[in-house]
Amino acid sequence: MKPKKNIIFPKHLQIMERLGENIKLARKRRKLTTVQVAERADIDRTTLYQIEKGNPKVSMGAYFNVLRVLGLQDDFLKLAADDTLGRKLQDLDLL
């Protein structure tokens, strides 16, 4: 059986690209090189390059390790933290 291909729409790819750009800017603000961050995150420099481009095929673990190196690991907890739609749907079930 072939693995299922993930399809990401262009508007969602833009979000990934913004994430990558944010990570790149955070690295530069800390005056860290790509070599330093890649070594500390235990990933290849090419993987870091892909992260900074917002490549959705890179594992979440690699993204997390880069954020950890930059001291931004707690930002991971903000993902899906405020589930407004889910709470509204839950409230409808209570009625």
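Start with a definition: a salt bridge is a side-chain nitrogen of Lys or Arg within 4 Å of a carboxyl oxygen of Asp or Glu. Before you click, know that this is a predicted model, where local features need pLDDT of at least 70, side-chain atom pairs count only at pLDDT 80 or more, and totals for chains, interfaces and linings use all residues. Residues are numbered from 1 along each chain as its sequence is written, and side-chain values use heavy atoms, with hydrogens and water left out.

**Stop 1: the salt bridges**

How many salt bridges does the structure hold? There are 2. Select Lys-78 and Asp-75 to see one of them, with the closest N and O atoms 3.4 Å apart. Are these two buried or exposed? For that you need the cut-offs: buried means under 20% relative accessible area, exposed over 50%, and partly exposed in between (1.4 Å probe, protein chains only). Lys-78 is exposed at 59%, while Asp-75 is partly exposed at 33%.

Now pick Arg-27 and Glu-52, whose side chains meet in a salt bridge at 2.6 Å, N to O. Arg-27 sits in helix H1 (residues 10-29) and Glu-52 in helix H3 (residues 45-53), so the pair ties together parts that are 25 residues apart in sequence. The helix labels come from DSSP runs (H or I, at least four residues; strands are E, at least two), numbered from the N terminus. Both partners are tucked away: Arg-27 is buried, with a relative accessible area of 8%, and Glu-52 is buried too, with 10%.

**Stop 2: the aromatic pair**

Rings of Phe, Tyr and Trp (its six-membered ring) pair if their centres lie within 6.5 Å; planes under 30 degrees apart count as stacked, over 60 as edge-to-face and the rest as tilted. Searching the whole structure turns up 1 aromatic pair. Select Phe-64 and Phe-76: they are edge-to-face, 5.1 Å centre to centre, with 75° between the planes. Phe-64 belongs to helix H4 (residues 60-69) and Phe-76 to the loop between H4 and H5, so this pair links parts that are 12 residues apart in sequence. Phe-64 is partly exposed at 29%, and Phe-76 is partly exposed at 24%.

**Stop 3**

**Stop 4**

Go to Asp-42, in the loop between helix H2 (34-41) and H3. Asp-42 has a positive phi of about 60° although it is not a glycine, and it is exposed at 71%. Then jump to Ala-80, in the loop between H4 and H5. Ala-80 also has a positive phi of about 60° without being a glycine, and its relative accessible area of 75% makes it exposed.

**Last stop: helix H5**

Finish on Leu-85, which lies in helix H5 (residues 84-94) and is exposed, with a relative accessible area of 60%.
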